[in-house]
Amino acid sequence: MNHTLHRPLRLGFIGGAINSAVGYAHYTASTLDKRFELVAGCFSRNSEINTQTGMAYGIQPERVYESWGELIQNEKNNIDALAVLTPTPMHTPILNCALENQIPLICEKALTTSLRESLDIERNVTTHAGFLAVTYNYTGYPMVRELREMIRQGRLGTLQQIHVEMPQEGFSRITNGLAPSPQKWRLSDAEIPTVSLDLGVHAHHLVEFLGAGEAVEVVADHRSYGLFENILDDVSCIARYPNNVRANYWYGKSALGYRNGLRIRVFGSKASAEWVQAEPEEIQWNSQDGRRERIDRGSSQLMTANSTRYTRFKAGHPAGFIEAFANLYIDIADLLASKDSHRDSTYVFGPSSAARGLAFLEAVHRSAHSGKWESIARTSCEMQTPPLHVTEALSC
């Protein structure tokens with residue numbers, strides 16, 4: 001259903017080894033609809049894993065690189081896009097180097113670890129007329145896109161509240177008598193706690209994606225309940241949005257029983273709706289007159305989710321996480337292939353969106369310490385902060 005008459009776009013990976021959390025998901029999603037072909041990579045700093053990943057992904061040995069700088073220099077004229085899939089703290093120097101070399105970028109969330117770094121990257125995108133898309137894969141689910149369209153069309157009436165929950169158990173669950181062993185970088189908190197960079201970015205982006213607008217202020221609380229002392233793993237907050245809209249957030253990694261408990265509830269003046277990731281093909285709809293119904297991907301009343309691009313197989317055979325990711329890669333490929341790849345897109349999210357999310361999460365962290373409502377920082381590139389400079393050791 002999603003075939004294209006155009007040649008696949010040539011894609012490189014930095015990060016995304018076979019032992020990474022997201023590498024194989026990105027590989028599978030990017031190639032699922034033949035819109036991209038992975039042709040080069042620097043997958044891991046571990047030489048053996050790097051080589052094994054290149055073999056597993058079918059990459060020619062001479063196009064598997066030991067350093068990301070070498071990949072950028074040698075492949076800048078041979079690839080159509082570069083996916084940056086390293087741990088978040090490593091993103092900034094790689095992205096800035098690739099932008100300076102005019103390579104279109106696809107970056108795993110979170111874009112960076114701070115608002116200030118994000119704004120620096122955004123300035124570089126502008127300076128070099130670059131392309132940068134950040135992947136928030138939950139917006140790729142067809143029924144999440146359907147929910148967005150329901151809200152836009154006014155079917156819920158005036159938007160009032162959005163509740164997003166994303167509880168997980170990864171920092172508390174014991175498996176076969178063994179405690180969890182997260183990657184080392186996930187066990188340190190910086191300007192924004194890592195749990196917010198992992199999960200909070202998704203929650204914030206979903207609320208904005210569904211139409212709440214840009215958050216104005218937030219009040220928050222955070223805690224450490226899991227097996228890793230002093231690492232924050234549970235966050236709750238309430239955010240005020242324009243037009244009297246409120247959003248309630250709960251996300252964390254110490255909620256036993258939740259593998260990934262993503263749930264979205266939206267309340268309007270005429271109806272409410274709920275989507276749960278564990279049942280991705282359905283929306284629970286509740287009308288003002290008391291009617292309740294379940295709308296699935298086979299319903300005749302759909303406006304978006306019944307598009308042929310989403311029907312890799314007929315309704316009743318659920319699509320899931322990888323397919324949602326693949327939908328993002330289709331959107332990115334369409335934009336890259338267009339005559340104006342810098343135009344706005346409904347489903348491709350750039351550095352401005354990332355900056356708003358990081359500004360929100362910094363305010364969440366401030367509020368959790370102050371115990372007060374905190375305003376969300378402006379995220380314009382014209383903010384009076386000096387640009388960051390990549391150190392010589394990390395430069396191209």
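## An exposed lysine in a loop

Lysine 34 counts as exposed because its relative accessibility is 53%. Exposed means over 50% relative accessible area, buried means under 20%, and partly exposed lies in between (1.4 Å probe, protein chains only). Lysine 34 sits in the loop between helix 1 (23-32) and strand 2. Helices (H or I, at least four residues) and strands (E, at least two) are DSSP runs, numbered from the N terminus. Lysine 34 is not a glycine, yet its phi is positive, about 60 degrees. Most residues other than glycine have a negative phi, and most peptide bonds are trans.

Asparagine 243 also has a positive phi of about 60 degrees, and is not a glycine. Its place is the loop between strand 8 and strand 9. At 72% relative accessibility, asparagine 243 counts as exposed.

## The model and its confidence

This is a predicted model, where local features need pLDDT of at least 70 and side-chain atom pairs count only at pLDDT 80 or more, while totals for chains, interfaces and linings use all residues. Residues are numbered from 1 along each chain as its sequence is written, and side-chain values use heavy atoms, with hydrogens and water left out.

The pLDDT is the predictor's confidence in each residue, from 0 to 100. The protein averages a pLDDT of 92, and 93% of the residues score at least 70. Over residues 382-396 the pLDDT is below 50. Beyond near neighbours in sequence, that stretch has 21 contacts in the model. Contact means heavy atoms within 4.5 Å.

Two strands pair if DSSP finds at least two bridges between them.

Strand 10 and strand 11 (residues 271-276) run antiparallel, joined by five bridges. A hairpin through two residues links them. Valine 266 has alanine 273 of strand 11 as its bridge partner. Alanine 273 in turn has a bridge partner in strand 12, tryptophan 285. Strand 11 and strand 12 pair in the antiparallel sense over four bridges, and the hairpin between them passes through five residues. Strand 12 (residues 282-287) then runs antiparallel to strand 13, with five bridges. There, asparagine 286 has arginine 292 as its bridge partner.

## Helices across the sheet

## Nonpolar cores

A nonpolar core is a set of buried Ala, Val, Leu, Ile, Met, Phe, Trp, Tyr and Cys residues joined through side-chain atoms within 4.5 Å. The largest one has 86 residues, and Tyr241 and Phe360 touch the most other members. Helix 7 gives the largest share of this core, ten residues. Another core, of 29 residues, lies apart from it, and includes Leu11, Phe43, Ile49 and Tyr329.

Which residues does phenylalanine 360 touch, not counting those up to four places away in sequence? They are His204, Ala215, Val218, Cys237, Ala239, Tyr241, Tyr249 and Ile376.

## One face of helix 3

Helix 3 (residues 68-75) has these buried residues: Trp68, Gly69, Leu71, Ile72 and Glu75. Seen down the helix axis, they fall within an arc of 160 degrees, so they line one face of helix 3. The arc is that of the directions from the helix axis to the C-beta atoms. The cover over these buried residues includes strand 1 (9-15), strand 2 (36-42), strand 3 (81-85) and helix 4 (91-100).

Is threonine 135 buried or exposed? Threonine 135 is buried, with a relative accessible area of 1%. It belongs to strand 5 (residues 132-135). Leaving aside neighbours within four places in sequence, its contacts include Ile106, Glu108, Lys109 and Phe325.

The peptide bond from lysine 109 to alanine 110 is cis, with omega near -15 degrees. Alanine 110 is in the loop between strand 4 (105-108) and helix 5 (115-127).
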